[in-house]
Amino acid sequence: MGALSIFPPRASTTAGEVDALYGFLLVVGIGMTALIFFFVFFFAIKYRRRSPDERPKAIHGSIPLEITWSVIPFLVMLVMFAWGTKLYFQNYTPPRRDTLDIYVTGKQWMWKIQYPDGQREINELHVPTGRPVKVTLASEDVLHSFFLPAFRLKHDVVPGSYQTFWFEATKPGRYHIFCAEYCGTNHSQMIGWVTVMDPVSYETWLSAGAGGSSMAELGQKLFEQYGCVSCHVLDQQGRCPSLRNVFGNPVKLEDGRTVIADEAYIRESILNPNAKIVSGYKRDVMPVFQGQINEEGLLQLIVYIKSLSNPPKPAAAKTAAAAGKRSPQ
Ligand SMILES: [Cu+2]
């Protein structure tokens, strides 16, 4: 198996369904093509000109026929649309239950992978079976695309934003990682391996690599190093909002909007603070950190800020009122 098989191995919970949809598209595609070719030849022969002076009878269309050949393909397309949409939302909406969060940063020409516990790897991704893994993708430079063929998953890595998808690996083994978006000279070498392990070996692997600082600890260091800590004093509201319990909760903004403080919001708050001003605070107080902190550092800061929050409540919308309480009177 492997190099010569048409299909890579199926190693995630979603792979079977993606293959089923692919099979459906293939069967419909081949079926339609065969049908069209059959009728092209069939009618060409059936209605061939039999003598030089033959004048065929004029026809003026048929409404039932028009409706039939419009409605049937339309319904077939709708099946593709509904099936594809369902799979899309399934694969790109991480479940809320305890996911294993992994952060991937694409950089010409390598994949840098960070685990919350502090392990870091390049072009190697280790995941356990039987547990949902949420991947957050960032790019240090240009557009890349993170492709895991054995999981039937691929997602663009877009500079300036975070993309997420999730999977649950089912079969231990070593599978390809590719970059699927041409990203410069060494694009073809932007490859790696994902190693799927059973949960016990995974724990062993994790603890073997432990000892370094966790992402939250690294983030805390950056928080001190960049002087964030001089303004954002924990548990104290002053000139600056305390960052405790910000993550995952609604934030009331100066312009009256309320946004949920997710990864993208925190990232923007750091790089371009004036884009969204927290209600009750002033613009131009927080320095602009655009260009000063790299994507890996930003992810560490975000994980640190995340760690300052209780796990987000399931009914986040209901706590919208609580957001107001965070700002000073
Ligand atoms: Cu790339």
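The model is predicted. Its mean pLDDT is 86, and 91% of the residues reach 70 or more. Residues 312–329 have a pLDDT below 50, and this stretch has 25 contacts in the model beyond near neighbours in sequence.

An open sheet is built from 5 strands, with mixed pairing and the order 4-10-9-6-7. The edges are held by strand 4 (124–128) and strand 7 (153–157); each has a single partner strand, so one side of each is left without a neighbour in the sheet. On average, neighbouring strands of this sheet are turned by 20 degrees against each other, direction ignored.

| Strand pair | Bridges | Direction |
|---|---|---|
| strand 4 and strand 10 | 5 bridges | parallel |
| strand 9 and strand 10 | 5 bridges | antiparallel |
| strand 6 and strand 9 | 2 bridges | antiparallel |

For F146, the bridge partner is C179 in strand 9.

**Helix 3**

Helix 3 packs on the sheet, where it touches strand 4 and strand 10. The direction of helix 3 makes about 130 degrees with that of strand 4. The helix has 11 residues (199–209), and the number buried is 1, so helix 3 lies largely in the open. A residue counts as buried here if 20 or more other C-beta atoms lie within 10 Å of its own. Just after helix 3, G211 takes a positive phi of about 120 degrees.

**The nonpolar core**

The largest nonpolar core has 49 residues, and I102, V104 and I305 have the most contacts inside it. Helix 7 (residues 295–307) gives the largest share of this core, 7 residues. Residues of this core come from both domain 1 (8–30 + 65–211) and domain 2 (215–326), so the core lies between them. Apart from neighbours within four places in sequence, I305 is in contact with L243, V246, F247 and I266.

Notes. Residues are numbered from 1 along each chain as its sequence is written. This is a predicted model: local features need pLDDT of at least 70, side-chain atom pairs count only at pLDDT 80 or more; totals for chains, interfaces and linings use all residues. A residue is buried if 20 or more other C-beta atoms lie within 10 Å of its own, exposed if 12 or fewer, and partly exposed in between; C-beta atoms are placed from the backbone. Helices (H or I, at least four residues) and strands (E, at least two) are DSSP runs, numbered from the N terminus. pLDDT is the predictor's confidence in each residue, from 0 to 100. Two residues are in contact if their C-beta atoms, placed from the backbone, lie within 7 Å. Two strands pair if DSSP finds at least two bridges between them. Axes are lines fitted to C-alpha atoms, for helices over the stretch in contact, and angles run from 0 to 180 degrees between N-to-C directions. A nonpolar core is a set of buried Ala, Val, Leu, Ile, Met, Phe, Trp, Tyr and Cys residues joined through C-beta atoms within 7 Å. Domain bounds come from an automatic or database domain assignment.
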